[in-house]
Amino acid sequence: MEIEKLIEEINRLKEERNAIIMAHNYQLPEIQDIADFLGDSLELARKAVNVDADVIVFAGVDFMAETAKILNPEKTVLLPTRRATCAMANMLTIKHIVEAKKKYPDAPVVLYVNSSAEAKAYADVTVTSANAAKIVGKLDSDVVIFGPDKNLAHHVAKVTGKKVIPVPPNGHCYVHRKFTLEDVERARKLYPNAKLMVHPECEPEVQEQADIIVSTGGMIKRACEHDEWVVFTEREMTYRLSKLYPNKKFYPARNDATCIGMKAITLQHIYESLRDMKYQIEVPAEIAERARKAIERMLEMS
C-alpha cells in the first residue's frame with residue numbers, strides 16, 4: 001500500500017475505533033508525523049492518564065505500552081509489533097532486585113520506567129531520565145537500589161550525593177553505550193559552534209564532556225538556549241528537534257545510533273494493529289496494582 005493510502009486508512013480506523021497514537025521521540029519520522037501525542041517516557045506516562053480514547057496504539061517499546069495499560073486498565077492498549085522490545089529493560093530480573101534488597105533491606109527500590117511491569121511491581125517508585133535525580137533527591141534515604149541503567153545510576157549518584165546501588169551491575173542501553181570520547185572529539189572539530197546535549201544513559205566519561213546532560217524531554221525544553229547542537233542520543237531525536245526548531249541546527253553524534261526495538265514499528269504495523277486490534281497488552285491484575293502505585297508515586301513526586 002502506498003504511504004498516502006496507508007495514512008488515510010490509519011486515520012479512518014482511528015476514527016472508527018476511537019483510537020489515538022502515542023509515539024516516542026525515537027520513532028521513525030513518518031510515525032512521529034502521524035502521532036497524536038509525541039514525547040519521552042515521562043510525557044507519555046502523564047498523557048496516558050487522561051487520554052480520551054477507547055484504544056491507545058503505542059508506537060514505542062513494550063515496557064511503555066505496559067505502563068499505558070497499567071495507568072488505563074479499562075482501555076485497549078495495542079503494541080503494533082512484538083519485536084518492539086527494550087534490551088535494557090530485559091536485563092533486569094526479579095532475582096536482581098530480591099538479592100539487592102537482602103543486602104540493603106532499608107534502601108528503597110527505584111526503577112527506571114525502562115523495566116518490565118513485573119519488575120515495577122517490586123519498586124517503591126519509578127523514575128524516568130527526566131526526573132530520576134529529582135525523585136531520588138527527595139527520598140528519605142542515603143542509599144537507594146536503582147535499576148536497570150548503571151549510567152543513569154551514576155548520573156543520579158553524582159547529582160544527589162547518595163549511594164546508588166545499580167541492579168544489575170552492568171545494565172545499559174546498547175545505543176547510548178556506542179558514544180565514545182572519540183565521538184565527542186569529532187563533534188567538537190566538525191561543529192565548533194555547536195554545544196553537546198548528552199543523554200544520561202551515555203557512559204560517564206561522555207557525560208563529563210557534555211554541555212548539558214538531559215533526557216529527550218529536557219533536550220526539547222533546552223534546545224532554545226543555543227543555535228547549534230550535537231545530539232548524543234538515538235538518531236531520530238534530531239528529526240523531532242528539527243521539526244520543533246526549524247531555524248536551529250541539530251546533528252546526530254552518530255548516524256548508527258539506532259534502537260532496533262523502536263525501529264521495529266512501521267506504518268504498515270500501525271495500520272494492521274488498528275485493523276486487527278493487535279497486539280493487545282495485558283498485565284495481570286496483582287502486578288498491575290503494585291506497579292501502578294510505584295508509577296503514580298513518580299507522577300506525584302515529579
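Let's start at Y279, which sits in the loop between α16 and α17 (285-301). Helices here are DSSP runs of H or I with at least four residues, strands are runs of E with at least two, and both are numbered from the N terminus. What kind of peptide bond joins K278 and Y279? That bond is cis, with omega about -10 degrees. This is a predicted model, in which local features need pLDDT of at least 70 and side-chain atom pairs count only at pLDDT 80 or more, while totals for chains, interfaces and linings use all residues. Residues are numbered from 1 along each chain as its sequence is written, and side-chain values use heavy atoms, with hydrogens and water left out.

M277 is a residue other than glycine with a positive phi, near 55 degrees. For background, most residues other than glycine have a negative phi, and most peptide bonds are trans. Please also look at P148, in the loop between β7 (143-147) and α9 (150-160). The peptide bond leading from G147 into P148 is cis, and its omega is near 0 degrees.

Now let's go to helix α1. It covers residues 3-17, which makes 15 residues. From first C-alpha to last, α1 reaches 21 Å, close to the 21 Å expected at 1.5 Å a residue; the expected span is 1.5 Å times one less than the number of residues. Which residues of α1 are buried? They are L6, E9, I10, L13 and K14, where buried means under 20% relative accessible area, exposed means over 50%, and partly exposed lies in between, with a 1.4 Å probe and protein chains only. Looking down the helix axis, the buried residues of α1 fall within an arc of 140 degrees, so they line one face; the arc is taken from the directions from the axis to the C-beta atoms. What do these buried residues pack against? Their partners are β1 (19-24), α2 (29-34) and α16 (267-276), with contact meaning heavy atoms within 4.5 Å. On the face turned away from the buried side, α1 carries the exposed residues E4, E15 and E16.

N18 is a residue other than glycine, and its phi is positive, near 50 degrees. At 34% relative accessibility, N18 counts as partly exposed.

Two more residues are worth a stop. G217 lies in helix α13, and it is buried, with a relative accessible area of 1%. Leaving aside neighbours within four places in sequence, G217 is in contact with D40 and E43. How far apart are G217 and E43 in sequence and in space? They are 174 residues apart in sequence and 7.6 Å apart in space, C-alpha to C-alpha. The other stop is T238, in helix α14 (residues 237-244). T238 is buried at 11% relative accessible area. Outside the four places on either side in sequence, T238 is in contact with V231, F250, Y251 and P252.

On a 1 Å grid over the protein atoms alone, a cavity is a set of points where a 1.4 Å probe fits but cannot get out, a pocket is an open set with protein on both sides within 12 Å along at least five of seven lines, and lining residues have an atom within 4 Å of a point.

The largest pocket is lined by 29 residues, and Y26, C86, N114, E201 and M262 lie nearest its centre. Which element gives the most to this lining? It is α10, with 3 residues.

The second largest pocket is lined by 14 residues, with L42, R46, A130, N131 and K221 nearest its centre. The elements giving two or more residues to this lining are α3 and α13 (216-222). The largest share, 4 residues, comes from α13, the helix that also holds G217.

As for the largest cavity, its lining residues include S41, L44, F58, M64 and V113. Here α3 and α4 are the elements that give two or more residues to the lining.
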